[in-house]
Amino acid sequence: MPPWLNESLTWGNALILFLWAAVFLLIVLGFVTYAIYFERKVIGWMQLRIGPNRVGPLGLLQTVADIFKLLIKEDTIPRKADRLLFVLAPVLAYVPAFSVLAVLPYTQKLYFADLNVGLLYYVALSGITTLAIVLGGWASNNKYALLGGMRSAAQMISYEVPLVISVVGVILLSGSLNLREIVMAQDGGWFWNWNFLPQIVGFVVFIIAAVSELNRTPFDLPEAESELVAGYHVEYSGFRFAFFMLSEYVYVYAIAALTTVLFLGGWHAPAPFLEFVPGIVWFLLKFAFIVFFLFWIRATFPRIRVDQLMALGWKVLLPAALLNVFLTAAYLELFIK
Amino acid sequence: MENYAGNYVVVVIFILLGILLPVAALTAGRLLRPSKPTDPKQTTYESGNEPVGEGQVRFNVRYYLFALMFVIFDVETVFLYPWAVAYNKLGLFVFFEMLIFAGMLLIGLLYAWKKKVLKWNSV
């Protein structure tokens with residue numbers, strides 16, 4: 001929130017910032033609640049089912065009931081588990097998931113932290129969640145959980161590299177790691193000024209790698225229900241399980257917002273004559289489309305095999321991402337400079 | 001950017017809130033949820049069978065070579081980011097410099113590919 005950032009920092013200002021961040025936390029929790037509801041509805045419709053429709057009108061309170069059930073459920077920790085790490089893992093998964101949201105800008109004036117290393121901050125922190133997944137899998141002292149955790153590590157190291165390299169093209173075009181400046185660099189009035197068309201290769205690599213980093217279908221091998229029961233969180237119950245779930249959906253929020261910012265022009269309107277609509281509306285429309293897209297591919301694609309996953313990451317995505325970087329750099333060298 | 005530290009205060013507030021929510025929720029949950037541990041409840045889950053042996057077994061992790069390659073390419077990204085930010089201010093020289101650097105790593109990737117490191121049943 002800019003007005004407070006420009007004043008000198010006092011305890012009073014810090015308290016106001018804290019309250020704004022707490023309000024934002026409630027918004028994110030509301031998003032997660034209805035993203036889960038919406039996901040179940042959308043997948044239901046795509047499979048010619050109705051989806052949740054019992055709790056509350058149209059089933060709108062289904063997720064609220066689920067959360068309440070998890071809250072009053074008995075919390076079992078296996079006797080053989082490493083208690084400290086077992087308790088620590090869900091918290092460690094959730095903290096970076098929420099912390100990365102601090103740098104995302106929503107409109108010209110609506111943002112929390114305006115870091116000039118915003119993108120690097122996002123990439124660095126989002127890697128920590130994988131550590132929590134490996135930790136949870138190891139601490140459970142369960143074979144399924146260990147396999148799930150190990151798969152997660154393998155997947156993360158294979159897809160982190162293409163994900164990070166695919167956005168280098170965007171950085172080249174805007175000359176900044178600051179997410180607000182990246183959006184401002186896409187200003188041109190029309191939608192073909194947004195990064196997704198000039199950076200089409202980077203965009204495709206980014207989307208595939210992002211879905212993989214989210215551990216969502218078709219890359220949900222760490223929790224593959226049909227082979228590993230539930231993967232790394234098989235021993236978790238009650239609210240500890242809820243925090244793994246929560247961090248997964250907070251990352252859906254984060255990735256959808258980041259894709260909007262990096263490739264879809266943030267708060268810019270798609271055409272000059274549409275600029276009378278406030279920027280936040282455009283941001284939310286693009287954001288909602290990405291979220292829907294993630295649910296859509298979950299309903300459409302089968303889960304891929306682990307060796308296919310690794311081969312795709314190293315043999316296709318990584319060379320494509322590197323090629324994109326140098327094509328962009330050569331284009332800038334030849335035509336812009 | 002005269003008051004840049006303020007932005008990091010926001011980051012600290014977000015991290016604090018991120019820690020606060022799980023602590024508060026799990027503490028509140030402790031008051032609400034029942035706790036009746038029994039012996040069968042606390043055994044390790046293994047599809048309803050008696051668990052066999054240890055859970056933390058050592059097995060052939062097929063991807064330790066991937067991990068080595070990850071370290072190399074992750075370092076490359078560390079160099080790519082500042083290069084990309086400053087690219088428009090630098091000359092043609094840095095373009096070829098990065099091309100040579102990435103090219104050498106790419107040769108490494110091709111070598112690993114040829115050596116069948118990227119195949120599942122190679123080791």
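This is a predicted model: local features need pLDDT of at least 70, side-chain atom pairs count only at pLDDT 80 or more; totals for chains, interfaces and linings use all residues.
Local features were required to have pLDDT of at least 70 and side-chain atom pairs pLDDT 80 or more, whereas totals for chains, interfaces and linings use all residues. Residues are numbered from 1 along each chain as its sequence is written, chains are lettered from A in the order in which they are written, and side-chain values rest on heavy atoms, without hydrogens and water.

Across the interface, 85 residues of chain A are in contact with 71 residues of chain B, contact being defined as heavy atoms within 4.5 Å. Together the two chains bury about 7,200 Å², of which 72% lies on carbon and sulfur atoms; buried area is the accessible area (1.4 Å probe) lost by two parts on being put together, summed over both. Of the area that chain B buries against chain A, 11% is supplied by Phe14(B), Gln56(B) and Tyr81(B), more than by any other three residues. Two salt bridges are counted between the chains, with a side-chain nitrogen of Lys or Arg within 4 Å of a carboxyl oxygen of Asp or Glu as the criterion. Arg79(A) and Asp39(B) meet through their side chains in a salt bridge, at 3.0 Å from N to O.

Beyond its neighbours within four places in sequence, Trp83(B) is in contact with residues of both chains, including Leu172(A), Phe326(A), Phe95(B) and Met98(B).
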